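Me: I have a new structure open. Could you show me how to read its main features?

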Amino acid sequence: MSSSIPHSASFCAIDFGTSNSAIAIPRRHTGDGKAAMDLVELEPGHLTMPTAVFYFVEGRHDADGPPRAFGRAAVAAYVEGSDGRLMRSMKSILGSGLIDQTTDVGGGRGIKYVDILAGYLKRLRSKALAAGAEAPLNKVVLGRPVFFVDGEPARDAAAQKSLEGAAHAAGFDEVHFQFEPIAAAFDFESQATEEQIVLVADIGGGTSDFSVVRVGPQRMQRLDRRDDILANHGVHIAGTDFDRHVELASILREFGYRSHGPERPGSPAREVPSGVYFDLATWHLINTVYSPGRVAELRSMRSFYGNVQHHQRLMTVVEDHLGHELAARAEGAKIAVSGGGDTVIDLGIVENGLQIELSETVAVAALDADINRIVQCGRETVAMAGLKPEQINALYFTGGSTGLRLLAERIAADYPQATLVRGDRFASVATGLGLHAARLFAR
């Protein structure tokens, strides 16, 4: 992504994603005397890093806070059984009542969720400085979904304000925002050879966002692109919701979800309470199931189960803190069937020999309602732009969840005349944010 950028430029662009994050900085030297924006290698061989933090109860210590690991190291610490707390999908907390609450991270320590976000952003900033970004690196463009919260403008504004506050706490004095699908459109535009109207489908871990944008080589250097942005729309449904539905439809059935208790004279068997299963299938709520009071409550519910093996398995998950592992295996199973076919989910960590088969048919049935809402959101975006489907010249897919074959096919079916283009699922938004940052700050 080329641009004329001053050598002393001290800015960056951050794609803070639900599942993965990336950061772009000005390149310090180029052969033609100009500068360009580069994505930082956040981990060896990777330009993106899982949006994950692991807080150790004991062990490694950072000078500026509790012992913790980030990204793949955080996930590895959890997989290796380190004693502590794994935090993932932190972006999903924005706009919720949890953001200013304090959460237990082990060892008697409590940290506010907003401070966890700030710590992660600070880590990205330190990686950028280590990669050669100009100090003090105090200006940033942050990506944001079209809606942090669907249909509630006040909560949506509060979510952006919380993220802005976290960015300030991470060391950024000047903070700007750009919609993630608009950034993806800028990435698409960097390769455009003619003027087109593109529908960007950015389906990530937390939100599904659509934008209709007029792009072209004669337009890309304009800073004010408001008249080229024909419509924005989004829905708070995406990859983590898919994971939850897959887990509920497959894995958690073997732990009692939607099962019934024993039959009693004069009354039909009742379905076991489902709250614990929804919490186990939601990343930022899993840890709430491990509190002593909740464990005692679940232990006392043994008589609610007609199949006592279901209750035994559930208690193994709760007492051994295996909820995150089940969620991770649901995510892996979703990925395994995303291109078609079936897979087997190994749950030997809970019970020796326990395995569950997941077919594409079962996964599709579990995700059908969500997929329909996402497809409809795309249709509404085009209608909001005052266009008909046949007026869309290109359909640009980005975001990790566009790897789900059925979802991509269902969206594309509405625009048979559009050229289908797939961007880098994990880096297109960061690349586009970098382009926007260069235009914004290097003027």
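This is a predicted model: local features need pLDDT of at least 70, side-chain atom pairs count only at pLDDT 80 or more; totals for chains, interfaces and linings use all residues.

Me: How do I describe two packed helices?

Reply: Two packed helices are described by the angle between their axes and the distance between the axes. Helices (H or I, at least four residues) are DSSP runs, numbered from the N terminus. Axes are lines fitted to C-alpha atoms, for helices over the stretch in contact, and angles run from 0 to 180 degrees between N-to-C directions. Take helix 5 (residues 239-249) and helix 10 (residues 360-384). They pack at an angle of about 150°, with axes 9 Å apart. That makes helix 5 roughly antiparallel to helix 10. The cut-offs: under 35 degrees is roughly parallel, over 145 roughly antiparallel, 65 to 115 roughly perpendicular, and the rest oblique.

Me: Which residues of helix 5 and helix 10 meet?

Reply: Contact means heavy atoms within 4.5 Å. From helix 5 come Asp241, Phe242, His245, Val246 and Ala249; from helix 10 come Val362, Ala366, Leu367, Asp370 and Ile374. By class, this contact has 7 nonpolar, 1 polar and 2 charged residues. Here Ala, Val, Leu, Ile, Met, Phe, Trp, Tyr, Cys and Pro count as nonpolar, Asp, Glu, Lys and Arg as charged, and the others, Gly among them, as polar.

Me: At what angle do helix 10 and helix 11 pack?

Reply: Helix 10 and helix 11 (residues 405-412) pack at about 40°, with axes 10 Å apart. Glu360, Val364, Asp368, Ile371, Asn372, Ile374 and Val375 of helix 10 touch Arg405, Leu406, Leu407, Arg410 and Ile411 of helix 11. The classes are 7 nonpolar, 1 polar and 4 charged.

Me: And helix 7 with helix 8: at what angle do they cross?

Reply: Helix 7 (residues 292-299) and helix 8 (residues 308-319) cross at roughly 170°, and their axes come within 10 Å. That makes helix 7 roughly antiparallel to helix 8. Val295, Leu298 and Arg299 of helix 7 meet His311, Met315, Val318 and Glu319 of helix 8.

Me: What is a nonpolar core?

Reply: It is a set of buried Ala, Val, Leu, Ile, Met, Phe, Trp, Tyr and Cys residues joined through side-chain atoms within 4.5 Å. Buried means under 20% relative accessible area, exposed over 50%, partly exposed in between (1.4 Å probe, protein chains only). The largest core has 72 residues, and Phe255 and Tyr277 touch the most other members. Helix 10 gives the largest share of this core, 7 residues. A second, separate core of 42 residues includes Leu98, Leu121, Leu163 and Phe172.

Me: Is His436 buried or exposed?

Reply: His436 counts as buried, at 10% relative accessibility. His436 lies in helix 12 (residues 428-441). Not counting residues up to four places away in sequence, His436 touches Val141, Gln178 and Phe186. Phe186 is one of the buried residues of helix 4. In helix 4 (residues 180-189), 10 of the 10 residues are buried, so this helix is largely enclosed by the rest of the structure.

Me: Where is Pro265 found?

Reply: Pro265 is in the loop between helix 5 and helix 6 (275-280). Pro265 is exposed, with a relative accessible area of 83%. From C-alpha to C-alpha, Pro265 and Arg379 are 53 Å apart in space, and 114 residues apart in sequence.

Conventions: Residues are numbered from 1 along each chain as its sequence is written. Side-chain values use heavy atoms; hydrogens and water are left out. Helices (H or I, at least four residues) and strands (E, at least two) are DSSP runs, numbered from the N terminus.
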